[in-house]
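Work through the exercises below with the sequence and model open. Try each task before reading its solution.

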Amino acid sequence: MKKSLFVFFTVFISSYASFSQQLKSPDQFLGYQLGDKYTAHYKIVNYFQQAALAMPKMMKLEQYGETNEGRPLLLAFVASEGNFAKLDEIRKNNLRLTGMLNDKPGDVNAPSIVWLSYNVHGNETSSSEVSMKTLYELLNPNNAQTKEWLKNTVVIIDPCLNPDGRDRYVNWFTQVVGKTADANTDAREHSEPWPGGRTNHYNFDLNRDWAWQTQIETKGRLKKYNEWMPQIHCDFHEQGINNPYYFAPAAEPFHEVITKWQRDFQYTIGKNHAKYFDANGWLYFTKEIFDLFYPAYGDTYPIYNGAIGMTYEQAGGPGGGAAALKSDGDTLTLKDRIAHHFTTSMSTVEIASLNNNRLVTEFKKFFDDAKNNGIGEYKTYVITETNAGKLKSLQSFFEANGIKYGTVSGASLKGYNYFSGKEEVFTTANNIAVSAYQPKSALIKVLFEPKSKLSDSVTYDITAWSIPYVYGVQAYAVKEKMVTGVYSRPIAKNDLTENAYGYLINYSSFEDAKLLSALLIAKIKVRFAEKDFTYNGKGFKKGTLIILKKGNEDKLDELMAASKKYEATLTSVSGGFMETGFDFGSEKVHFIKKPNVAMLTGKSVNPSSAGEVWHLFEQQLDYSITLINADEINGAALKNIDVLILPDGNYKFLTEKDAAAEVKTWVQQGGKIIAVEYAAELIAKADWGFKLKKSDEEEKKDDKKDDNSVYADVKRFENRERESITEYIPGSIYKVTLDDSHPLAFGYTSGYFTLKQNSDLYEFMKDGWNVGVIKKDNQVAGFVGSKLKDKIKDGTVIGVQQVGRGSIVYFADNPIFRSFWENGKLMFANAVFLVNQ
């Protein structure tokens, strides 16, 4: 009996193992046809895993990371059996073509690499379904076409760039959809709740994060991307349900570094797609809306790294559900969406195979030009900043993007001063330099250019992002090629003595704000100086952190560990008497109370703005905050809160007299509000003493008109898009003059640069502090509509208003935009920790 049972299980296991190694189609594996319903992320992972087990000589599956919610991030590598056996050599050869690997010359007689990225926006769901079908057809032993293509093409598939966002959408949709999908777009299944599935866990748009790599998903993906450097990268998206399919060629503006080859091949691939769409009678459009300019997209970042980068947009998006009735009376189904994205997926691999030799040759030429000629007018970018914290962040940014850096020597050089906007002679002591003569030259040009050239002012995103302004570092762009040596960042040196009275810590970067956060969490008592002071012949700036031994006797080890982690310099003092400035017992030296911080979130709040604050506290400051639904805010909810952050949003309570009065009373009793963008505008409209500034034109009451004014409103219909941008500011950089005596501006020595995405400007406060002011002619870079240029001047953009014992901090612009605007993070931390202490 036992023997028979053993034989039975042996046969069963053997049969099961044999069956499990057979490649299954998505329909076979899932038990339903693709498009019948949405597939949960774990099932997509399972499908890719079974495919890898079934076809180990053609495919491997690699996990490159894990999301904030613990879901795996995967890459599938697919090649012919012959190429798969030498897959890593193909990868290394590709890096040799770029010059990023220099062990031996690269061989142009090599396969091209196509990278397909699906579902970066979680609620643009059809493409992850497509990823399974694409994988299957590439591996399918009966598909002669794909077998031919894989002879000279390696395909990398990322089935889902944003698993957290996708599951947020899919789980919700599965819960609300009926037995049969309702195509009526008024049905609840077409109305996704806040914050929607588009973004990741922290409400970040991962398609705006490629260059900046602020998110865990992007960091892992870009590490692998820079290990492979594909010739083609495609990013799959969805748009409104009534839009035809969009594919390359892209719309203007094309950035000037994009080569003729890259432009031309966009047409080549677009024509190939069109051939299949025409055969099926499917509508599509090209050369409109989706431009190639902002460097952090899934199409532009690859382009600036030598690839053919493209966005594909299928109708559907978050409102598509599983079926949606379009305005023309047709019904758009999930199966339709899958069919269209699958077609461009396969067409992309096909066109890469057909043009393999040219793709690889032009790819090599792109990098040869970069290394030999340096892209752009400027050949060396020299950062003369001495702030160690800022340099640490900048180095991390360079390394994440594969940008080589070093240092230059010489008594003095001449270059474009980013802060003054003029050509100036400067000294080169203690510099970090980036040469344009390297593989990443095109990307460097895009990231460092002082003023971007726009071939068309109708753009899809912000138009300025130059690194010196983003990081707030003094820098110069030099037209000459400079030899760079090895750079070593200065290491903090502590001046510690036994039996010290206390310790001083310089406070001048966001790294120092992180340290302050850590000290407060550790319950270390910290003070800060309101004014500059001198001790033992050495000067210390306002904002310097002061940690006295008295009261911190049992915390000194934690102090030392934290200062080491954040590379802070500690200076010992033997007493509290200062040679100049205030003594430590002065009322002008302030104790920092650890604040209880809350942020409003939920319906009516901008998800991205809320996510940026949430991410700043949890992932950078490592400081816990309370999230409160905006619709539930009242005095009781604020009982134990010291600081209330209002991200960009439309807050109902600010427009209701009683609710607003309750919050205002909390402020008067000592609370603090930090209001960002439209939240600041709403408070101004609520007449709390902070007022929007009117433009000069609005203040004039001159009714005189010239003889031609009668025709001023006569416009051509075809120019309607151009007309609309006269009052448009998609993202422009302005220089802000700071009151550096105010704690909100502590740590800033060279002014501040703000990224303006609105025209909001506030009147100078008589009973408050105009900490950040935009004066005349202070636009630095980026596009501003003609009707706004004269409006954005002579007003406040950063202010602090005293309200009873409390205060309100106003930011007309988002100081932590997309978490890449490094220059504003210290100021936001100051608003939380230093203001009103």
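This is a predicted model, in which local features need pLDDT of at least 70, side-chain atom pairs count only at pLDDT 80 or more, and totals for chains, interfaces and linings use all residues. Residues are numbered from 1 along each chain as its sequence is written, and side-chain values use heavy atoms, with hydrogens and water left out.

**Exercise 1. Helix 15**

Task: Determine how many residues of helix 15 are buried, and which elements they pack against.

Solution: 
- Start with the terms. Helices (H or I, at least four residues) and strands (E, at least two) are DSSP runs, numbered from the N terminus. Buried means under 20% relative accessible area, exposed over 50%, partly exposed in between (1.4 Å probe, protein chains only).
- Helix 15 spans residues 441–448, and eight of its eight residues are buried. Lys445 is one of them, as are Leu443 and Phe448.
- Now look for contacts, meaning heavy atoms within 4.5 Å. The buried residues pack against helix 11 (300–304), helix 13 (356–373), helix 14 (388–400) and helix 16 (467–471). They also pack against strand 13 (380–383) and strand 16 (432–435).

**Exercise 2. The sheet beside helix 15**

Task: Give the strand order of the sheet that holds strands 13 and 16, and place the helices packed on it.

Solution: 
- Two strands pair if DSSP finds at least two bridges between them. The open sheet has five strands, in the order 15-14-17-13-16, with antiparallel pairing.
- Its edges are strand 15 (422–427) and strand 16, each pairing on one side only.
- For angles, axes are lines fitted to C-alpha atoms, for helices over the stretch in contact, and values run from 0 to 180 degrees between N-to-C directions. From one strand to the next, the twist averages 35°.
- Two bridges link strand 14 (412–417) and strand 17 (475–478) in the antiparallel sense. Asn417 faces Tyr476 of strand 17.
- Helix 14 touches strand 13 and strand 16, at about 20° to strand 16. Helix 15 touches strand 13 and strand 16, at about 50° to strand 13.

**Exercise 3. Nonpolar cores**

Task: Identify the residues that touch the most other members of the largest nonpolar core.

Solution: 
- Such a core is a set of buried Ala, Val, Leu, Ile, Met, Phe, Trp, Tyr and Cys residues joined through side-chain atoms within 4.5 Å.
- The largest has 183 residues, and Phe617, Ile673 and Phe828 touch the most other members. Helix 25 (825–833) gives the most, with seven residues.
- Leaving aside neighbours within four places in sequence, the contacts of Phe617 include Val597, Ile645, Phe828 and Val832.
- Another core lies apart, with 57 residues, among them Leu34, Leu135, Trp149 and Tyr312.
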